[in-house]
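Colleague: Can you walk me through this model? Start with the packing, then the interface.

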Amino acid sequence: MCYVTRTSALEYEDIEVGKARLIERGEQIGDISLKARKTIAMLGQDFIRDGSTILTHGFSRVVLSILKLAAANKKHFSVVCTEGRPDSTGLQMAKEMVAIGVPITLIIDSAVAYTMESVDMLLVGADGVVESGGIINMIGTYQAAMVARSMNKPVYVAAESYKFARMYPLDQKAMFPSSRQVDFHYPLPSAVQVEFSSRDYTPPQYLTLLFTDLGVFTPSAVSDELIQLYL
Amino acid sequence: MDSRRGSRFVIDPKIRQVGFVPAGCESENPNASSAVAAIANVDVNPTSDSPSPVMIPPRLADPLPRAAPLPVPSPPPRKHTSVEIPLQGSYNPTDSVLGTSPPFSPASNGRYAGVPSSEGPDLSPSFVSRASSAMEGMSLREDHLGSPSASRFATVGEYAMFKQQQPQQPATAVTKVYASSLPQEPVQSFAPVGKEDSSKPLKERTTKAERRAKQEADREAKRIAKESAGAKVVEGEARASSNVVGKASRAQSQKKDSASEKRLSAVEKASEKEKKKEIPAPRMQFDDQSRVAKAKKRALIEQTETKHRVELFRHLPQFVYGAQLPSLEAKFFHDDAMHPHPAVYQVGLQYLTGDITGGNARCIAMLSAFKELIKDYCTPRERTLIRDLTARVNNNVSFLTTCRPLCISMGNAIRFLKTRIAKLQLTLSESDAKSLIIAEIDRFMQEKINYADNEITKLAVTKIKDGDVILTYGSSCVVETIILHAFSLGKKFRVVIVDSRPKLEGKGLLRRLLGRGISCTYSHINAVTYIIQEVNKVFLGASSILSNGTVYSRVGSASVAMVANAFHVPVMICCETYKFHERVQLDSICFNELDALVKIPGRKGLSELEGWSQSSHLKLLNLMYDVMPADYVSMIITELGMVPPTSVPVILREYRKDPIL
């Protein structure tokens, strides 16, 4: 957001010039995003060691870039990926892993605790990083992080710095609702209520480190960065 | 026991018994024995009040003993019966050590390195050597209070005496210990009792002893001089105090004591009232000997210490309520320079009686009074405005401090004010300078308090949803504003007010909220674990937030936060940034404020507390603040936004460049 609000383009009187500036800014964001992913991949792949098993949840381009770079650096590791319902984005991740030649195991979401003992770390992306240092990500991240924490496995989050937001949710309901239809493949009676949210909030105490293009942060440092960026 | 910690020679009005490690430990430290293993004994006064033993194990690495601390006012004649005290901390009731009257200063710095007699009146504690495991256990708790080494003291005394007698053989009087400060009484015998112990590391002891002996010789001379001048010291101090105050205050202001704890220490007239105890000025660092001594010199007011003080909080001053005013008048009003401005005087009295409470209210009242002060201020001839005004402000702050210790927000405000005054350009005319400062004070109040409160309210109400049950403790003005604002926005919620004795501040809040039509529940803190189960959110105020995210607030809030944390209820602390402080505090004991005991009202029909001050076995503790660790805090709402408690040092860092802070 800061890239948009902090531009001086909005002060221009000539609308055409202003429009051109905004478009330019938009393209700039795309470039920044790409560069950010490269930086994060470089930082993150250091944490992947030979022989490690990485659990990931759903599909994230940032996580993918980390794994690709690690594979390119000839590291031997394997990936366990959750299916990621209702999006089923885990299937996409599985395809990508096959393409780069990394051994991939696909599990259903309920099997996270079951497989946690045999993985070395949890690596997820984030849709948003909030002021408390927690993350907002695909639903299921919270429980994976909780299980990982209780089994003392590190939880790493890969997120670009433009995803930092000045929100501070206290609980799961505090965020803007984002819902996604869930297809149960079964005719349900109409009286059944279905929980639709597709995003959840993982509090900072379950996260170990965040890989961002500004560096590798602990969750407390996110607020530090935000204060510097915004104030 | 931390050997580096200062020994506090706290002397009970009656007898103070200090135990020390039993024989077993002593024998492990042959080196220690050389210096002084045993501890001096005092006459055990049969009428003494319950001894509060302070554990003082002998030091392993024998520290250089300093001169025996001397009380500034001349103590009653001491009995010195030199006795050979067996090394193994045996109990020797026949020895008398220090005079029984002890004004002493909880010499905060009994560090090995630093209890030089030259720095001020350390007090000679009277100790009784006693081998007791109970005391040993106690020492671990009270090491910051008690003298970590009576042995040190004893060492000093011993060497002092020793020096007189046999300066050539410092090594022999190993086992002798007694703390006597009067050199003229000869020490009879220094027959080393624990000869077997002393024989072993003779060489080391000699070296150490020699060094010690040399130091003792120096200290001895000073002590002698002090002893004789002791009687005159008190008057001299009183006279000098008014002169010294101005200077001292200035020196003090330059000391960058950010909390601005300018306390005036009480000067004891030991000869008159043996019950009074000399205390060091409560400073930020109670174990700093130099500060203690300096504060003593600046003593302006005699305040009556309460008789029975809780061990753990001996380093904090506690005065008899109501006794302050006569002293105040005596000292403050006969000297023009020290005379507080009437507005400041009024505010001080309001603090004293408790009419104004709460960080923001006190700060605003103080700043408004200072505005009046500055308005009426005229630079005297031959003085520069900056220096004289700063001195004037310091005097007024000292006055306020004697009425009631400054809170951290007030300290920050004063620091801001003095920085502003110091930065005034010399070329400004007096009226320009005055109006500039007044404008700055207005801006501070406006930005840091009023505007900040508005911002905090706006942010906090976004966290209140329909159907919420909000818990608050005591009465915080910011939390009250938040609740009222949320209610005015039409949100449907109810409030639980948790209150506690003796202040029962929640009652006022309850009345005001009910007057607005908000549904409230009122509960005592004993029931907080019960009531928390129906609560969604906890909003608390704070007196200050420290650098490690710790929240320093009204006593009881830490308990509420802990319970909320245990029940997974989020705790929101609402605090303006001007209350942040770069200090770090780990517990509620090292720095706190003890409220006047007379303010504890008993309940009707229950009279157990009546006559409490007469009972020698009953000690009351009335804390004002407590400390809540950052783990219990979910978020801190400031005017800069909602931040996690770990971001407090970030805010301090980022806004240190801003001259306002």
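Modeller: This is a predicted model, where local features need pLDDT of at least 70, side-chain atom pairs count only at pLDDT 80 or more, and totals for chains, interfaces and linings use all residues. Residues are numbered from 1 along each chain as its sequence is written, chains are lettered from A and ligands numbered from 1 in the order written, and side-chain values use heavy atoms, without hydrogens and water.

Colleague: Which residues touch the most other members of the largest nonpolar core?

Modeller: B:Met366 and B:Phe370, in a core of 47 residues. A core here is a set of buried (under 20% relative accessible area, 1.4 Å probe, protein chains only) Ala, Val, Leu, Ile, Met, Phe, Trp, Tyr and Cys residues joined through side-chain atoms within 4.5 Å.

Colleague: What is B:Met366 in contact with?

Modeller: Leaving aside neighbours within four places in sequence, B:Val347, B:Tyr351, B:Leu400, B:Met410, B:Ala413 and B:Ile414. Contact means heavy atoms within 4.5 Å.

Colleague: OK, the interface. How many residues does the contact take from each chain?

Modeller: Chain B gives 19 and chain A gives 13. The buried area is about 1,200 Å², with 59% from carbon and sulfur atoms. That is accessible area (1.4 Å probe) lost on putting the two parts together, summed over both.

Colleague: How many salt bridges between chain B and chain A?

Modeller: One. B:Arg653 pairs with A:Asp224, the closest N and O atoms being 2.9 Å apart. The rule wants a side-chain nitrogen of Lys or Arg within 4 Å of a carboxyl oxygen of Asp or Glu.

Key. Buried means under 20% relative accessible area, exposed over 50%, partly exposed in between (1.4 Å probe, protein chains only).
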